[in-house]
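I open this notebook to record what I looked up, item by item. The structure comes next, and the entries follow it.

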There are 2 protein chains.
Amino acid sequence: MANPYNTVHTHKPTPHANGASCLDRLFVKQPVEHLASGQSLFFEGDDAKHVFQVVEGTLRVFRIISGGRRVITGFLDAGDIVGVSLRGRYLYSAEAITPSVVKRLARRQFDAAVASDEGLRPVIFARVCDEMAAAQDQMVLLSSKSAEERLCTFLVKYLRRNTVPGCTIIELPMTRLDIADYLGLTIETVSRTVTKLANKGILGFENPGLRHTIRIERPGMLAQLTGDGDDHEDLPGDLLALREPRRH
Amino acid sequence: MANPYNTVHTHKPTPHANGASCLDRLFVKQPVEHLASGQSLFFEGDDAKHVFQVVEGTLRVFRIISGGRRVITGFLDAGDIVGVSLRGRYLYSAEAITPSVVKRLARRQFDAAVASDEGLRPVIFARVCDEMAAAQDQMVLLSSKSAEERLCTFLVKYLRRNTVPGCTIIELPMTRLDIADYLGLTIETVSRTVTKLANKGILGFENPGLRHTIRIERPGMLAQLTGDGDDHEDLPGDLLALREPRRH
DNA sequence: CGAAAGGTTGAATCGATTCAATAAACGTGG
DNA sequence: CCACGTTTATTGAATCGATTCAACCTTTCG
């Protein structure tokens, strides 16, 4: 039974019943592998022979395009699965940002497991959905958000994904260059924007000079600045009425 | 058996054995539905109760973000499947650009078919892969390509997807605004860029004044200008090591 | 025909980039 | 442990590409 799920790298999904443990079962017997900072897990174009689970650390997922420009399409953290293939080849490279620990599963085994385990499919499904949604969001961000909106979006999502609710301290494992390449900006613009947000009192630094650890002072304000209009903007009442209802 | 495949809209894949007919079987008995120009197929947030196959015409797939800005994430043509869901809801809206014909299949039926038909899975798999790859490409485009590179990329891909090999005439069903919202530009920039390419002799218009029909005069030149570096740039052997991490 | 929609073009503006200089943190070896 | 070079980050000034605002033109269609 062919398996289609290992197409994309999949983020740790929004919390759900027992997906994690379900997935963990797949990898529990695999030996751990250690990656030093900067070490590559695989390269774009490599034969996609394995699916990986991140146990610890943070990785960047990126493509190098002509002119040496780098585009980071996502970051991977503990719990994330990456085992992307298109026609058997990885669509991008992945490398460790921090010292990391991963487990590896041969694609054949992964396929077999998904084929035979009914309970596994919805878990993978959810991750593919999340991945697709993330790609959509990223396209929106890159299409039409300002530098400030991009950075705020990044911080809000990072806060939601990588800290417990209520926590307002972000330890960024990635450099400004990583952030820039992820947000479609330059390091200078990222730096300036961080400074601007700090001056506005929206965020601050735990330790002056150690600017990798950020404290969000005004989470609500930060959310406002994402440009996602989570707040109810007053729209003309007839907007919905004007939209033609689905027909047939 | 839960089915994960209807997560994303899937483009007509690069040519392959019998995928189309395989998919067609699914829809062959469904009645056709007609959409007028501008008519919506579904809205972002709607219950994703159906999967659609485009029989004829072109549709745009988009999200409206705060401030009324619109981001088009893709176009759909004959043969494409769209049946997107995340947690049961469409991630975006879809509406007809030209008068279009679609077929509809209840998601339950679609799921059942994919579950029971072994031959169908790889076909759907290939489409999900294509969709993911397209999303990646779009992120690269939006992250770091100039207006000219974006337009050339769009035209090259359109040529490849929607015409027979060797054909150099493009009839664009979408407006400049559609193109702009797809490429993350303004209509003015799209217009200017088209004019600039025409002045360079890279493309021309079939009929003066009818600027929806474009003839590509220099396909090779167009490909060069996509910024994808498909051409082998002479790089020293240890290219990855030497490439300076150029900023943007 | 005349209005509306879509498209082009010009001039001014703006946000982000580029270039450049400085500063702070890190890692290595003495 | 400190010195010193390397990497990473910040900040300023000039520049550039795309946007915005505005005018005008073309095609479409009631």
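I looked up how strand β4 (residues 59-64) of chain B pairs with β5(B), and found an antiparallel arrangement over six bridges. I take helices (H or I, at least four residues) and strands (E, at least two) as DSSP runs numbered from the N terminus, and two strands pair if DSSP finds at least two bridges between them. In this pairing B:Arg63 stands opposite B:Val71 of β5(B). β4(B) and β5(B) make a hairpin with five residues between them, and B:Gly67 in the turn has a positive phi of about 90°. For β5 (residues 70-76) of chain B I note that seven of its seven residues are buried. Buried means under 20% relative accessible area, exposed over 50%, and partly exposed in between, with a 1.4 Å probe and protein chains only.

I am reading a predicted model, in which local features need pLDDT of at least 70, side-chain atom pairs count only at pLDDT 80 or more, and totals for chains, interfaces and linings use all residues. Residues are numbered from 1 along each chain as its sequence is written, chains are lettered from A and ligands numbered from 1 in the order in which they are written, and side-chain values use heavy atoms, with hydrogens and water left out.

I find eight helices and 11 strands in chain A. Chain A has 248 residues, and 52% of them count as buried. Of the contacts in chain A with a separation of 6 or more, 73% are between residues 24 or more positions apart; contact means heavy atoms within 4.5 Å.

pLDDT is the predictor's confidence in each residue, from 0 to 100. Its mean for chain A is 86, and 83% of the residues reach 70 or more. Helix α5 (residues 176-183) of chain A has the highest confidence in the chain, at 98, and helix α8 (residues 239-242) of chain A the lowest, at a mean of 41. Residues 1-7 of chain A stay under 50, and the model has 33 contacts for them beyond four places in sequence. Residues 234-248 of chain A are also below 50, with 15 contacts beyond near neighbours in sequence. Where pLDDT is low, the predicted coordinates should not be read in detail.

Of the atoms of DNA strand C that come within 4 Å of the protein, sugar and phosphate account for 61%. I then looked at phosphate oxygens of DNA strand C. A backbone N or O atom of A:Ala147 lies 2.6 Å from one, a side-chain N or O atom of B:Ser191 is 2.7 Å from one, and a polar side-chain atom of B:Thr195 lies 2.5 Å from one. Two or more residues each come from α6 (187-199) of chain A and from α6 (187-199) and β11 (210-216) of chain B. α6(B) gives the most, with four residues.

Sugar or phosphate makes up 60% of the atoms of DNA strand D within 4 Å of the protein, and bases the rest. A side-chain N or O atom of A:Arg192 is 2.9 Å from a base nitrogen of DNA strand D. For phosphate oxygens of DNA strand D I note 2.6 Å to a side-chain N or O atom of A:Thr195 and 2.4 Å to one of B:Thr189. α6(A) gives the most to the surface near DNA strand D, with four residues.

A:Asp181 lies in helix α5 of chain A and counts as buried at 7% relative accessibility. Beyond four places in sequence, A:Asp181 touches A:Arg70, A:Val71 and A:Ile72. B:Lys145 sits in the loop between α3 (120-144) and α4 (147-162) of chain B, and is buried, with a relative accessible area of 6%.

Note on methods:
Near = heavy atom within 4 Å. Polar contact = N/O pair within 3.5 Å; in protein donor to acceptor, adjacent residues only side chain to side chain.
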